[in-house]
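The stops below go from the whole chain to single residues.

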Amino acid sequence: MPLSVPPGASVDGRTTRAGRNGPRTQPETTDKADHMETTSAPADVLRSFEDIVRAAGRDVLAHPHPHAERQAAGAAGPGSAAGPGDRQAEAGGARRVGIEIESFVVDVTRPQRSVPPEETAAALAAAAGVTTGTGSETEGRLPGGSRLTFEPGGQLELSGPPLPLTEAVGAMRGDLQIVREELARAGLGVAGFGVDPLRPPRRHSTAARYVAMDRHFRTCGGEAGLTMMCSTASVQVNLDGGSGDEDIVARFRLAHALEPVLIAMFAASPVGAGQRLGWQSGRQAVWAGIDASRTGPVLPDLADLADLAAGPEQLAVLWARYLHDATLMMVGHDDGRYQAVERPTTFGAWLAGAGPVRRPPTVQDLGWHATTLFPPVRPRGWLELRYLDAQPSGLWPVAVAVPTVLLDDPDAARGALAACLPVAGRGEAAARRGLRDPELFRAAARCIDLAVAALGRAGGDPELRAAVEAFADRYTRRRRSPADDLSARFAARGPTELLREEAARCVPVP
């Protein structure tokens, strides 16, 4: 089957497939990038905060329908039945991970040029059977199961299927290799950084969704919004939400506790638009410049979940409050097209009758609203870990493996929580200083040791364990991160050569 790669089908307008056991990629929406197809019935009108709590609870509790093939999160709202939870893990199902890799596309001969997504898609079409399209869905997959989509600035995203860790990494490695080989024939390459080190942000997509997003940011969020859309890239790790009430709460809490430690450990964006940013993770600096109601944590205080007996119901209230208090970015116009919200208005205000349109909000509106919120950990029936920079030099498997085993291995999870609690909430310090911070270094060193040990217990791919051990020796145990290498390479070669070198080689640099 030919694979369609629509240039306007990204950010949070992607396709999702139901899975029986775990998180998947393309977890956001399935609707077209130019308009919303409204499906809510009159009974889906939201009338109270309790209605939001009920919808949000399905995001936390996750009861997937095993036969659902394509269900829009936007159509069904938060907690769509097609969401990939892992309640079936209670019956012995293996944990699974979904990997999303974003990369900057680079013209190796002219690295300063911003490559349009149409050009990338055409390069893939020439030899890989990939065809461009105008809709938002990708029809078909690469051999390893990955789908391809584009972010508004032309960043290429590969989103792999949910698989056990070793298989997921192996499948993504194979698909990335195919993409690199096909792009190389057109003189293009892909590079992993949290922020584009050379080129200023430029929006290529003219899809109505991204025009509305851009307009909202320009009127309500300043320049950081456009930079986020067009000049940042990440490794997103999608993990099972949990297999029982205490497990759901524990995993949610640990995913938040790990945030500052993993930000520091995998920081990879010290340079942006040709200049030093003064942060180890400049990508986090970009996010810090966006409305905090959209980017702050769902769980700002880990003490709120210190008692695991509190249950997932408390998580549902936390997520519902976040949805309620967050600023609206866009809504569906009467004709289904995206309408930017150009003044600060929350979903709660809309619920109270003071929204940007006269009609009351629906469950579907709440679902679309959820796809425009970017907390560090987002519950979608599974857990999206959104705080990791895209990684240079082929280091992304380590960034996937470490959080996966720290959450999935019980001994590692207990040790990681104990190590991370003293530095909980220190995301800004982690992004600015990285592992130069003594307390973050101690927590990171403990976590990387726990991850190596957990991988040893799990067996699996010895190459993956060796990669984590090598990363620990080269970076973590020496109080360094990939950002330190990138800073040295920037100083020695400048931003143009840094971008060209990464795109051309994609291998570790001595």
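Start with everything selected and a surface drawn. The protein exposes about 17,800 Å², and 52% of that comes from carbon and sulfur atoms; accessible areas follow the Shrake-Rupley method with a 1.4 Å probe, and for residues only the protein chains shown count as cover. The model is predicted, so local features need pLDDT of at least 70 and side-chain atom pairs count only at pLDDT 80 or more, while totals for chains, interfaces and linings use all residues. Residues are numbered from 1 along each chain as its sequence is written, and side-chain values use heavy atoms, with hydrogens and water left out.

Colour by burial next. Of the 510 residues, 63% are buried (under 20% relative accessible area; exposed is over 50%, partly exposed in between; 1.4 Å probe, protein chains only).

Switch to a cartoon. It shows 19 helices and 13 strands, taken as DSSP runs numbered from the N terminus (helices H or I, at least four residues; strands E, at least two). Among contacts with a separation of 6 or more, 78% join residues 24 or more positions apart; contact means heavy atoms within 4.5 Å.

Select residues 245-257 and 396-408, which are helices α7 and α14. Their axes come within 10 Å and cross at roughly 145° (lines fitted to C-alpha atoms, for helices over the stretch in contact, with angles from 0 to 180 degrees between N-to-C directions). Show side chains: Arg 251, Leu 254 and Ala 255 of α7 meet Leu 406, Leu 407 and Asp 408 of α14. By class, this contact has four nonpolar, two charged and no polar residues (nonpolar: Ala, Val, Leu, Ile, Met, Phe, Trp, Tyr, Cys and Pro; charged: Asp, Glu, Lys and Arg; polar: the others, Gly among them).

Move to Leu 498 in helix α19, residues 482-505. Is Leu 498 buried or exposed? Leu 498 counts as buried because its relative accessibility is 1%. Leaving aside neighbours within four places in sequence, Leu 498 is in contact with Phe 193, Pro 197, Leu 486, Arg 489 and Phe 490. Draw a C-alpha to C-alpha distance from Leu 498 to Pro 197: 7.8 Å in space, for residues 301 apart in sequence.

Finish with the cysteines. The structure holds zero disulfides (pairs of cysteine sulfur atoms within 2.5 Å). Select Cys 420: the nearest cysteine sulfur, that of Cys 447, is 3.7 Å away, and Cys 420 is in no disulfide. Cys 420 counts as buried, at 0% relative accessibility. Cys 230 is buried too, at 5%.
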